[in-house]
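Please keep the sequence and the structure in view while reading.

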Amino acid sequence: MHPVSLAEKLAGFSERWQPRTLAEFNRHDIMVVKAQGEFVWHKHDDTDDLFLVLRGRLVIQLRDGDVTLGPGELFVVPKGVEHRPVAEEEVHMLLIEPSGTPNTGDRATAQPRRVV
């Protein structure tokens, strides 16, 4: 029962596109992730996808247009909508997803769950 420092947790790793679970909330993972470059096009058939940018600028490409987020901004990709996050420079984000949601939308290609 103590606060979690997002900055401290983000300083503890350098890998990109590999979310770290910090806490669980009502069967949801609260995660931080560093991103740079292009992620894969993907969708989540059963859940929405929440992105909250903490540092940097993130573009979420959608098939019908792009959404650009800066620090303190969030966007929810509705379930079933294909998207690709892109970060020209390193971006730090907070993600909230149902526990066990594969980050690529496909368990075969998803990153393993990492708890910090």
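Arg20 is buried, with a relative accessible area of 8%, where buried means under 20% relative accessible area, exposed means over 50% and partly exposed lies in between (1.4 Å probe, protein chains only). The model is a predicted one, in which local features need pLDDT of at least 70 and side-chain atom pairs count only at pLDDT 80 or more, while totals for chains, interfaces and linings use all residues. Residues are numbered from 1 along each chain as its sequence is written, and side-chain values use heavy atoms, with hydrogens and water left out.

Arg20 belongs to strand β1 (residues 20–25); strands (E, at least two residues) and helices (H or I, at least four) are DSSP runs numbered from the N terminus. The side chain of Arg20 makes a polar contact of 2.7 Å with the side chain of Glu15, and a polar atom of the Arg20 side chain also lies 2.7 Å from the backbone oxygen of Gln18. A polar contact is a pair of N or O atoms within 3.5 Å; within protein, one must be able to donate a hydrogen and the other to accept it, and residues adjacent in sequence count only if both atoms are side-chain atoms.

Strand β7 (residues 83–98) runs antiparallel to β2, to β3 and to β4, and two strands pair if DSSP finds at least two bridges between them.

| Strand paired with β7 | Bridges | Residue and its partner in β7 |
|---|---|---|
| β3 (residues 49–55) | 5 bridges | Arg55 and His92 |
| β4 (residues 58–62) | 4 bridges | Leu62 and His83 |

Arg63 lies over the face of Trp41, at 3.7 Å from the ring centre. A charge sits over a ring if NZ of Lys or CZ of Arg is within 6 Å of the ring centre and within 35 degrees of the ring normal.

Taken as a whole, the protein has 1 helix and 8 strands, and from the N terminus on, its elements run α-β-β-β-β-β-β-β-β. Of its 116 residues, 41% count as buried. Among contacts (heavy atoms within 4.5 Å) with a separation of 6 or more, 63% come from residues 24 or more positions apart.
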